[in-house]
Amino acid sequence: MGRAYQNRKDSMAKTAAAKTRVYSKYGREIYVTAKSGGTDPDANLALRGLIDRAKKDQVPTHVIEKALDKARGGAGEDFSAARYEGFGPGNCMVIVDCLTDNPNRTFGDVRVCFTKTKSKIGTPGSVSHMFDHCAILAFKGDDEDAVLEALMEADVDVTDIEQEDGLITVFAPNTEYAKAKQALTAAFEGLEFEVDDIQFLPQTTTPVQGEDVEMFEKFLDMLNDLDDVQNVYHNAEL
């Protein structure tokens with residue numbers, strides 16, 4: 001699968017305002033994950049992975065704790081997941097994942113990002129069939145066979161294992177995330193994950209060139225500026 005997962009556009013905290021948006025996105029996702037699966041990270045592996053990613057992105061502890069306290073209280077906003085698909089500049093394929101308390105507002109905001117950058121929002125399923133929804137776990141190591149054996153003993157459905165530059169990357173269906181992570185942490189003591197995520201990985205890429213490159217960057221910036229947008233996945237090759 002290569003290093004395709006590294007090509008995803010992240011919300012980089014370049015300014016104080018951008019940092020606030022990143023913290024807000026993490027806070028919302030932690031709240032929703034904790035509310036649906038429990039607030040104990042040891043019992044809710046999706047929550048544990050999310051908190052680990054938040055810490056790596058330097059999200060303050062008080063932001064994480066506030067989201068967990070909110071989930072423990074049981075009250076608060078009623079967020080739901082929303083996914084939009086379509087074609088971005090240069091005809092690349094795009095998936096936009098959101099958490100929203102107002103689907104009509106969110107759809108309108110996302111649609112504006114498409115229309116103002118000469119892009120086209122599609123119907124559900126219009127491009128997602130061209131992506132693999134994968135759990136990705138990467139860590140330092142060089143013994144692929146030992147990793148594969150540990151996963152097979154735990155009956156984990158593995159899609160692929162790669163070893164490059166002292167880093168082993170495991171790809172598995174998104175539904176196998178918790179099982180795969182549990183198997184690896186149990187088999188290798190003190191394991192620390194460089195990548196611990198669930199993403200949409202494109203099966204093919206689309207070259208984006210010329211004037212479309214600037215428009216594509218504008219498109220991503222507009223989406224990442226929206227509070228409801230959590231992740232943007234694409235198959236653009238710049």
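**Domains.** I looked up the division of the chain and found domain 1 (16-73), domain 2 (80-129 + 203-234) and domain 3 (132-202), with bounds from an automatic or database domain assignment. The C-alpha centres of domain 1 and domain 2 are 24 Å apart. Five residues from domain 1 and nine residues from domain 2 make the contact, where contact means heavy atoms within 4.5 Å.

**Basis.** I note that this is a predicted model, with residues numbered from 1 along each chain as its sequence is written, local features needing pLDDT of at least 70, side-chain atom pairs counted only at pLDDT 80 or more, and totals for chains, interfaces and linings using all residues. Side-chain values use heavy atoms, with hydrogens and water left out.

**Confidence.** I checked pLDDT, the predictor's confidence in each residue, from 0 to 100. The chain average is 89, and 91% of the residues score at least 70. Residues 7-14 have pLDDT below 50, and this stretch has 20 contacts in the model beyond near neighbours in sequence.

**Helices H5 and H6.** I then looked at H5 (residues 144-153) and H6 (residues 177-187), whose axes come within 9 Å and cross at roughly 120°. H5 is therefore oblique to H6. Angles run from 0 to 180 degrees between N-to-C directions, and axes are lines fitted to C-alpha atoms, for helices over the stretch in contact. Helices are DSSP runs (H or I, at least four residues), numbered from the N terminus. H5 contributes Val147, Ala150 and Leu151 to the contact, and H6 contributes Ala180, Ala183, Leu184 and Ala187.

Technical notes. Helix = DSSP H or I, 4+ residues; strand = E, 2+ residues; numbered from the N terminus. Parallel < 35°, antiparallel > 145°, perpendicular 65-115°, else oblique.
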